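Reader: I am new to reading protein structures. Could we go through this one step by step?

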Amino acid sequence: MNTNRTKGFLLDLFFPKFCLGCQKEGSYLCEDCRSTLDICQFNYCLCDKPIRLSLSSKNGKCSACQDKKLSGLCYALPYKEKQLTRKLIYQFKYPPYLKDLAKTLASLIIEHLILSGKNTDDIWENSVLIPVALHRKKFNERGYNQSEELARELSKILKVPILVDCLIKTKSTKPQMESSKEERETNLQNAFIIKNSTTDQSVVLNKKVFLVDDVYTTGSTMQECAKILKQSGAKQVWGICIAREG
Ligand SMILES: [Zn+2]
Ligand SMILES: [Zn+2]
C-alpha cells in the first residue's frame, strides 16, 4: 500500500463516508443513487431557454448568443430537478463542509464530458482551468474555494493545468440567488481582476480558458469573468459547472 492509500484507508476508518442519497456507508454517492442522476448527454446553449446544440457543432452557442463573451457551457446536471443534486452541492458549500465531495462532483462532470463527446485532445489543447474566485471574506468563512477544489480534481483527471490566484474577486457581493438580475449585473461590475505573475505577459494570453464554478445561475458571474479574461488576451472562455439552474 502506498502512503496516500494508507492515509485514505485510515481516514475512511475513522471518518466513514455515507451516501447523501440513502445513507449507505462507503461513499458520498453510492452506485445506486448515482444511477438515478440524469447526467447530461448533450450540449446546450448558455441562453435562458437552453437550446440543444448538435453534437458535431464546434460552436457552443446558438445564433442569438454569439455576442456573449462566454463561448459555451458544459454542465453535468440540471440543478432543480433532483433533491439529491441540490444536496450534493449544498453539502459541498455549507456546514459541515464536505470539502472532499469535490472528487465525486468532478467525476459527474467527467462523465458528462465523455457522454457528450467533449473529452478529446483537441478540446483540451492549449487550455487552462481557472476557478471562479471567491472574495477573501467568503474564503475565510468556508476555509476553501469550492470551485478551486473542483478545478483541482478536474485538472488531475483531464491533465489540463490549473491557474489559481490569477482571477481575484476584489468586491464582496450578495449571493446570486438573493439578488435581482439588475442588481447582480451592477454588483458584479469590476468585482474581479486578473493578476499576472511577475512577468509582464498575461498568463492567459492566447489560451483557451475553462472557467470552473459549482452552479450556473443566470451566467452573470461567468460573463463578467469571461469579459476580463478576454481583455487580458484569452482566446476563448468556456464555462464548466456541476449543475445549471433553470
Ligand atoms: Zn445511495
Ligand atoms: Zn443561446
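Reader: Is Asn206 buried, partly exposed or exposed?

Author: This is a predicted model, and the values discussed here are computed from it. Asn206 has a relative accessible area of 45%. Buried means under 20% and exposed means over 50%, so Asn206 is partly exposed.

Reader: Where is Asn206 found, and what is its phi?

Author: Asn206 is found in the loop between strand 6 (192-194) and strand 7 (208-216). Most residues other than glycine have a negative phi. Asn206 has a positive value, although it is a residue other than glycine: its phi is near 60°.

Reader: How many residues of helix 7 are buried?

Author: Helix 7 (residues 146-158) has 13 residues and reaches 18 Å from its first C-alpha to its last. At its start, a side-chain oxygen of Asn145 reaches to within 2.9 Å of the backbone nitrogen of Ser147. Among the buried residues of helix 7 are Leu150, Leu154 and Leu158. The helix is mostly covered, and the number of its buried residues is ten.

Reader: Which residues is Leu105 in contact with, leaving aside its neighbours within four places in sequence?

Author: Leu105 is found in helix 4 (residues 101-115). At 1% relative accessibility, it counts as buried. Neighbours within four places in sequence aside, its contacts are Leu88, Phe92, Leu150 and Ile242.

Reader: Which two residues does a cis peptide bond join?

Author: Most peptide bonds are trans. Here there is a cis peptide bond, with omega at about 5°. Its second residue, Pro96, is found in the loop between helix 3 (83-93) and helix 4. The two residues joined are Pro95 and Pro96.

Reader: Which residues coordinate the zinc ion (ligand 1)?

Author: The donors follow the spacing C-x2-C-x7-C-x2-C along the chain. The angles among the four donor atoms are 104 to 115°, and the site is tetrahedral. Each donor is an SG atom, at 2.3 Å, and the residues are Cys19, Cys22, Cys30 and Cys33.

Reader: How many residues apart in sequence are the parts that Cys22 and Cys33 tie together?

Author: Cys22 lies in the loop between helix 1 (3-14) and helix 2 (31-34), and Cys33 lies in helix 2. Cys22 counts as partly exposed at 40% relative accessibility, whereas Cys33, at 12%, counts as buried. The pair therefore ties together parts whose separation in sequence is eleven residues.

Definitions and conventions
Residues numbered from 1 in each chain as written. Chains lettered and ligands numbered in written order. Predicted model: local features only at pLDDT ≥ 70, side-chain atom pairs only at ≥ 80, totals over all residues. Heavy atoms only, no water. Donors = N, O, S within 2.8 Å, 3.2 Å for Na, K, Ca; no water. Tetrahedral: all angles 85-135°; square planar, octahedral: opposite > 155°, others 65-115°. Helix = DSSP H or I, 4+ residues; strand = E, 2+ residues; numbered from the N terminus. Buried < 20%, exposed > 50% of the residue type's maximum accessible area, 1.4 Å probe, protein only. Contact = heavy atoms within 4.5 Å. Expected span 1.5 Å × (residues − 1). Polar contact = N/O pair within 3.5 Å; in protein donor to acceptor, adjacent residues only side chain to side chain.
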